[in-house]
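Subject: Structure handover

Hello,

Here is the structure you asked for, with notes on what came out of it. Please look through the model first and then read on.

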Amino acid sequence: MAESIFRKLRDGGEEGELAPALTIEETVASPFGLDVSGYLLTNLSSSILAGKSKSQGLVLITFSRSPSFYLQLLKQKGIVVSSSSKWFRILDCYTDPLGWIDQPSTSVSEGSSLIKLHKCVSDLRKLFSSAIEAGRELVGDGKTHFCVAIDSVNELLRHSSMPLVSGLLTDLRSHAQISSVFWSLNTDLHQEKVTNALEYISTMKANLEPLCPSSDGQRNALENLFLVHQDFGKGRFHVRFKLRKGRVRVMSEEYHVDQSGIVFSPISSTDTVIAATKSLLPKVHFNLTLSEKERVEKEKVVLPFEHQDDGKSNEIYDGRRSLVDGKIETTPFSSMELQTDVVSSGKGGEIIYFRDSDDEHPDSDEDPDDDLDI
């Protein structure tokens, strides 16, 4: 749940523990990770201003959007940006990520909010030092905490290797003055091992599932266009919390993106029951449920001894009653084929056996090897 994530980031971790970390995973089909980041950013800002947060400052590292976008976002949510320099810093890695522009490292933006321009984002040690310096400008060098938000790590992974990015995020979590960290990631742009590494670092993982996922390109273009207009901004928001002693808690809710931002709502009761039923099934490597086509084909299968002759049951001769009494027609077999004759009478059946030759001795209790001198 988005509210549960916000409370975890707001309250921070316990003394002596690493700071809580959140990975927000988005895809091409549901590219709303930055909307979730904006939701958390505005809520954390409100709690800091109200004095209800463990952290007293917020450092935002921007890669995918300009600092002016986030300042405008805070204005739209009713947050006063005129005093934001006292609790808010933006580390601008968006304007000049490669250091090609000759521009001073700091500049004062609208609303007197201080923006620090950071160049050459490939130097992650310098980026870490800049983030800590920006936080200490807000809360000092004591035990006061601040929160760090990274709008997207996709650009970081473009300029640096995965081990270096992983080391940067771990260092941020390990810093004594940082209360919480969160970032967004587009999983379609990276290999699975990159996604798994970032999930391993995180204590929380949130992913956005579209309401109408594509079916491997089987829909035509007109149907896809219709779905884009109808349900593109809707879907499921799944959150996984890592608890103590290796336990995991998974929660889900629905989301809807409109002009005012992203809105979260509980899942309907019917969908909740279906999801709970699916969660009770054992996790195996094969499918335990039948599709509609498989169910129809299964019902067409005629099992042995079922009613097959227009509603009349087949009578099977079991050898314990007379063929005449049972009125069962059988096809006679020749004695040359089976070397047996079946004689029917009113009382029952009898089997008469004919030997192939006189060399065959009848069964007896005599030992056939009695004449051997051993």
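Before the rest, two remarks on the numbers. This is a predicted model, in which local features need pLDDT of at least 70 and side-chain atom pairs count only at pLDDT 80 or more, while totals for chains, interfaces and linings use all residues. Residues are numbered from 1 along each chain as its sequence is written, and side-chain values use heavy atoms, with hydrogens and water left out.

Helices (H or I, at least four residues) and strands (E, at least two) are DSSP runs, numbered from the N terminus. The buried residues of α1 are Ala2, Ser4, Ile5, Phe6, Leu9 and Arg10; buried means under 20% relative accessible area, exposed over 50%, and partly exposed in between (1.4 Å probe, protein chains only).

Most residues other than glycine have a negative phi. Cys120 has a positive phi, near 60°, and sits in the loop between β5 and α4. With a relative accessible area of 34%, Cys120 is partly exposed. Lys245 also has a positive phi near 60°. Its place is the loop between β9 and β10 (248-258), and Lys245 counts as exposed because its relative accessible area is 84%.

Pocket and cavity

Both were searched for on a 1 Å grid over the protein atoms alone: a cavity is a set of points where a 1.4 Å probe fits but cannot get out, and a pocket is an open set with protein on both sides within 12 Å along at least five of seven lines; lining residues have an atom within 4 Å of a point. Grid points are joined across faces, edges and corners, and a volume is the space filled by probe spheres set on the points.

The largest pocket holds about 580 Å³ of space. It is lined by 19 residues, of which Lys8, Glu17, Pro20, Thr203 and Lys242 are the closest to its centre. At least two lining residues come from each of α1 (2-11) and β9 (234-242), and α1 gives the largest share, four residues. By class, the lining of this pocket has nine charged, six nonpolar and four polar residues. For these classes, Ala, Val, Leu, Ile, Met, Phe, Trp, Tyr, Cys and Pro count as nonpolar, Asp, Glu, Lys and Arg as charged, and the others, Gly among them, as polar.

The structure holds one cavity of 30 Å³ or more, and the largest cavity has about 30 Å³ of space. Its lining is made up of Ser37, Leu41, Leu60, Tyr70, Ala149, Asp151 and Phe182. Five of these are nonpolar, one is polar and one is charged.

Salt bridges

A salt bridge here is a side-chain nitrogen of Lys or Arg within 4 Å of a carboxyl oxygen of Asp or Glu. The whole structure has eleven of them.

Glu137 pairs with Arg89, with 3.2 Å between the closest N and O atoms. This links distant parts of the chain, since Glu137 is in helix α4 (residues 124-139) and Arg89 is in strand β3, 48 residues apart. Glu137 is partly exposed at 37% relative accessibility, whereas Arg89 is buried at 8%.

Glu137 also forms a salt bridge with Lys116, at 3.7 Å between the closest N and O atoms. Lys116 is buried, with a relative accessible area of 9%. Salt bridges link Arg89, Lys116, Glu133 and Glu137 in a network.

Glu292 and Arg295 meet in another salt bridge, 2.4 Å from N to O. Both lie in helix α10 (residues 292-300), three residues apart, about one turn of the helix. Glu292 is exposed at 51% relative accessible area, and Arg295 is partly exposed at 34%.

Two isoleucines

Ile101 lies in the loop between β3 (88-92) and β4 (106-108) and is partly exposed at 37% relative accessibility. Ile79, in the loop between α3 (67-76) and β3, is buried at 6%.

Regards
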